Amino acid sequence: MLPLNFINRLRTRFPATNAGLRTLLVVGLHSLSLFWVVSLLARFCPPSAVGAYVFGYAVSAPIIMFLNFRLRIVLANDVGAVDHTWAFVKFRAITSVFALTVIGALSLLWMGPTEKAAVVILVGAAKAVEAMSDICHGGVQRLQLTHVVERSILFRALSTLAGTSIVIPLMHSVVAATATVLLLWTVQLAFDLRRLQQRCPHAGTQPLSPAYFWNTARHFSSLGLVALLASVAYNVPRFFIAGYSPESDLGYYGVIAYFGLVIGMVATAATESTVPGITQRHRLASSTGSYLAAVRRVYAVIAGFGITCVLLSLIWGQALLQLFFGVDYAKHLDAFIVIQLASI
């Protein structure tokens with residue numbers, strides 16, 4: 001009865017908690033699928049290979065996040081009469097291609113035609129594909145069809161779990177792993193675009209003029225800059241470890257830092273699944289205390305989740321690291337705790 005009473009209290013205090021809880025569960029499964037990829041790489045590949053995978057995210061994430069301009073949350077919260085869905089989708093397609101071009105050029109100039117460069121480019125491509133699915137989710141959320149977003153994330157998580165569970169143990173290759181993830185996410189993107197077209201067909205002919213493109217980039221550049229700074233701050237240690245420590249150290253750090261990323265993903269899921277609904281309900285009085293109080297409650301849940309993770313890690317953190325990654329990774333419990341505190 002206690003869990004049921006707790007959920008009922010959440011539903012009372014948090015409007016649209018049903019959808020929010022479902023989204024959090026689905027995003028949790030998606031986080032688990034990414035965790036599983038890292039765990040398999042740690043088990044079946046050397047730490048240097050894991051380091052290459054981590055470095056791929058360190059290079060690609062800041063670029064992708066800046067050029068995303070956080071348009072998904074903008075689109076999901078849009079209550080205006082003009083539908084910007086397909087203009088934003090086209091905008092995201094252009095910026096994603098540009099981001100991938102930059103990532104590829106930097107990788108080849110920095111590392112040459114090496115396996116590490118290939119991993120960075122493949123990770124960047126996967127992040128670009130994910131960015132396209134992300135803006136499709138924003139368009140669907142604008143229509144208050146959160147269940148469609150949940151279904152998309154669920155299938156992507158399940159396919160990632162299944163595909164990498166076959167490829168990594170068989171091939172022991174980080175290139176094969178990232179290529180598998182890229183292929184599976186590209187298939188999911190095709191379904192996301194189709195679903196968006198089915199539910200928002202009339203906006204499909206909306207033009208994207210050069211003036212609209214540059215006005216959009218200028219108007220939302222501050223959101224992109226904030227995302228860039230947050231991503232760079234998160235990834236700065238990776239660059240220093242890559243430059244001044246053995247590649248294996250980057251693998252150890254990347255695996256441990258992933259748990260901080262999970263906290264960030266849960267925070268993003270909580271805000272993007274609940275705040276649009278709160279905004280819709282308070283669209284006529286968004287500056288009132290009730291609106292701000294509802295948003296503050298969302299962030300209180302995020303902080304509570306993070307603190308719970310830290311407390312559990314103090315008790316079972318070392319055993320968890322050893323179980324999923326091995327004895328060498330379990331030696332870094334102190335960094336494991338610090339990273340979670342920083343993420344909160």
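Visitor: Leaving aside its neighbours within four places in sequence, which residues is Thr164 in contact with?

Guide: Keep in mind that this is a predicted model. With those sequence neighbours set aside, Thr164 is in contact with Trp36, Val37, Leu40, Pro169, Thr180 and Val181. Thr164 itself is found in helix H7, residues 146-171.

Visitor: Is Thr164 buried or exposed?

Guide: Look at the relative accessible area: under 20% counts as buried. Thr164 comes out at 0%, so Thr164 is buried. A polar atom of its side chain lies 2.6 Å from the backbone oxygen of Thr160.

Visitor: And Ala61, is that one buried or exposed?

Guide: Ala61 is buried too, with a relative accessible area of 10%. Ala61 sits in helix H3, residues 47-68. Beyond its neighbours within four places, Ala61 is in contact with Ser231 and Asn235.

Visitor: How do the axes of H3 and H5 cross?

Guide: Two packed helices are described by the angle between their axes and the distance between the axes. Here the axes of H3 and H5 (residues 85-111) come within 9 Å and cross at roughly 150°. An angle over 145 degrees counts as roughly antiparallel, and H3 and H5 are therefore roughly antiparallel to each other. Their crossing is right-handed.

Visitor: Which residues of H3 and H5 meet?

Guide: On the H3 side, they include Phe55, Ile63 and Leu67; on the H5 side, Arg92, Phe98 and Trp110 are among them. The residues of this contact divide into 11 nonpolar, 3 polar and 1 charged.

Methods. Residues are numbered from 1 along each chain as its sequence is written. This is a predicted model: local features need pLDDT of at least 70, side-chain atom pairs count only at pLDDT 80 or more; totals for chains, interfaces and linings use all residues. Side-chain values use heavy atoms; hydrogens and water are left out. Helices (H or I, at least four residues) and strands (E, at least two) are DSSP runs, numbered from the N terminus. Buried means under 20% relative accessible area, exposed over 50%, partly exposed in between (1.4 Å probe, protein chains only). A polar contact is a pair of N or O atoms within 3.5 Å; within protein, one must be able to donate a hydrogen and the other to accept it, and residues adjacent in sequence count only if both atoms are side-chain atoms. Contact means heavy atoms within 4.5 Å. Axes are lines fitted to C-alpha atoms, for helices over the stretch in contact, and angles run from 0 to 180 degrees between N-to-C directions. Angles under 35 degrees count as roughly parallel, over 145 as roughly antiparallel, 65 to 115 as roughly perpendicular and the rest as oblique. A crossing is left-handed if the near helix is turned anticlockwise from the far one by less than a right angle, and right-handed if clockwise. Ala, Val, Leu, Ile, Met, Phe, Trp, Tyr, Cys and Pro count as nonpolar, Asp, Glu, Lys and Arg as charged, and the others, Gly among them, as polar.
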